[in-house]
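Let's take a walk through a protein together.

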Amino acid sequence: MLKIENLHASVEDKNILKGINLEVKPGEVHAIMGPNGSGKSTLSSVIAGKEEYEVTDGKIYFEGEDIEELAAEERAHKGIFLSFQYPVEIPGVSVTNFIKTAINESRKAKGLEDMPAKDMLKLIREKSEMLEIDRKFLSRSLNEGFSGGEKKRNEIFQMAMLEPKLAILDETDSGLDIDALRIVANGVNKLKSKDNAVVVITHYQRLLDYIVPDFVHVLHNGRIVKSGGKELAHELEEKGYDWIKEEANA
Ligand SMILES: Nc1ncnc2c1ncn2[C@@H]1O[C@H](COP(=O)(O)OP(=O)(O)OP(=O)(O)O)[C@@H](O)[C@H]1O
Ligand SMILES: [Mg+2]
């Protein structure tokens, strides 16, 4: 589904990613961990096609297609979803209207008509119940005055509504209380199928108790320096990153 080869990327002429190789197949869950500033958010932004980031070498294929020339919006329409570590506020646009527009934009890109209002309402009801989201919350302005946990829950709501093929969740767990963490993780698990894939970026092993990864990768200084199964996350929790840095520098 996603294949990254020797990816190098920079922002403001600073090299951040220095040769990333990663393959994500349908049905898989990958976790990306690594110290602050190692390039995790940069990697997700580059996959999603954010403009500030320049790919200086390497390739990103999504479903076999080289996506370098595609704008972020086009990538989203193809089924790549990125949750934001720092979500934007859009005053005057409700949670519901934002997601309605996003869904219909994506349908339009596929040559489909708007989703009938009845179906949209049904979908909203279904997904908000699944994520235990209050109806009142849905009519609030997007991210305006949202608590940290509400922002995260809203991101997962967007994901659940859009049903992306590839979901990249960047620190979706930060700031969530224990109950919200469980609800969000359940939402992700319910979305999981043999046809889609999830990449979770997290600092904490705890999330991976709920969203169990098939692979764990450690990013350090713009490279994946170690990959393993879910036990690697436990090892990191216990031992920190120093041993990985030493191994990488050896
Ligand atoms: N838009 C930008 N302008 C300047 N520097 C940037 C920009 N985006 C990222 N960087 C730099 O790139 C490096 C990697 O940042 P990135 O956000 O990818 O790290 P991260 O692994 O997500 O860290 P964290 O765990 O703290 O979220 C950092 O040194 C950061 O300052
Ligand atoms: Mg980050």
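Predicted model: local features only at pLDDT ≥ 70, side-chain atom pairs only at ≥ 80, totals over all residues.

The lining of the second largest pocket splits into seven nonpolar, two polar and six charged residues. This pocket has a volume of about 200 Å³. Of its 15 lining residues, the ones nearest the centre are Gly-49, Lys-50, Tyr-53, Glu-68 and Arg-75. Two elements, strand 4 (53–62) and helix 2, each give two or more residues to this lining. Strand 4 gives the most, with six residues.

Next, find the largest pocket, which holds about 1,300 Å³ of space. It has 48 lining residues, and if you want to land close to the centre, look for Ala-76, Ile-80, Phe-81, Leu-82 and Leu-162, which are the closest to it. Which elements supply at least two residues each to this lining? They are helix 1, helix 2 (72–78), strand 6 (80–82), helix 3 (95–109) and helix 6. Helix 3 is the top contributor here, with nine residues. Sorted by class, the lining comes out as 23 nonpolar, 13 polar and 12 charged residues.

Helix 1 gives the most, with four residues. Six of the lining residues are nonpolar, one is polar and one is charged.

On to a pair of helices. Two packed helices are described by the angle between their axes and the distance between the axes. The axes of helix 6 (residues 148–162) and helix 7 (residues 178–191) come within 10 Å and cross at roughly 15°. Angles under 35 degrees count as roughly parallel, so helix 6 and helix 7 are roughly parallel to each other. Their crossing is left-handed. Helix 6 makes the contact with Arg-153, Ile-156, Met-159 and Ala-160, while helix 7 brings Ala-180, Ile-183, Val-184, Val-188 and Leu-191. By class, that's eight nonpolar residues, no polar ones and one charged.

Stay in this area and look for Met-130, which sits in helix 4 (residues 117–130). Leaving aside residues up to four places away in sequence, Met-130 touches Ala-160, Gly-187 and Lys-190. You've already met Ala-160 in the contact of helix 6 with helix 7. Met-130 and Asn-186 are 56 residues apart in sequence, yet their C-alpha atoms are 8.5 Å apart in space.

Finally, check out two backbone angles. Glu-132, in the loop between helix 4 and helix 5 (135–138), has a phi near 50°, a positive value in a residue other than glycine. Asn-143 also has a positive phi, near 65°, and isn't glycine either. You'll find Asn-143 in the loop between strand 8 (141–142) and helix 6.

Conventions: Residues numbered from 1 in each chain as written. Chains lettered and ligands numbered in written order. Heavy atoms only, no water. Nonpolar A, V, L, I, M, F, W, Y, C, P; charged D, E, K, R; others polar. Axes fitted to C-alpha atoms, helices over the stretch in contact; angles between N-to-C directions. Parallel < 35°, antiparallel > 145°, perpendicular 65-115°, else oblique. Left-handed = near helix turned anticlockwise from the far one by under 90°. Contact = heavy atoms within 4.5 Å. 1 Å grid on protein atoms, 1.4 Å probe; cavity = no way out; pocket = protein on both sides within 12 Å on 5 of 7 lines; lining within 4 Å. Points joined across faces, edges and corners; volume = space filled by probe spheres on them.
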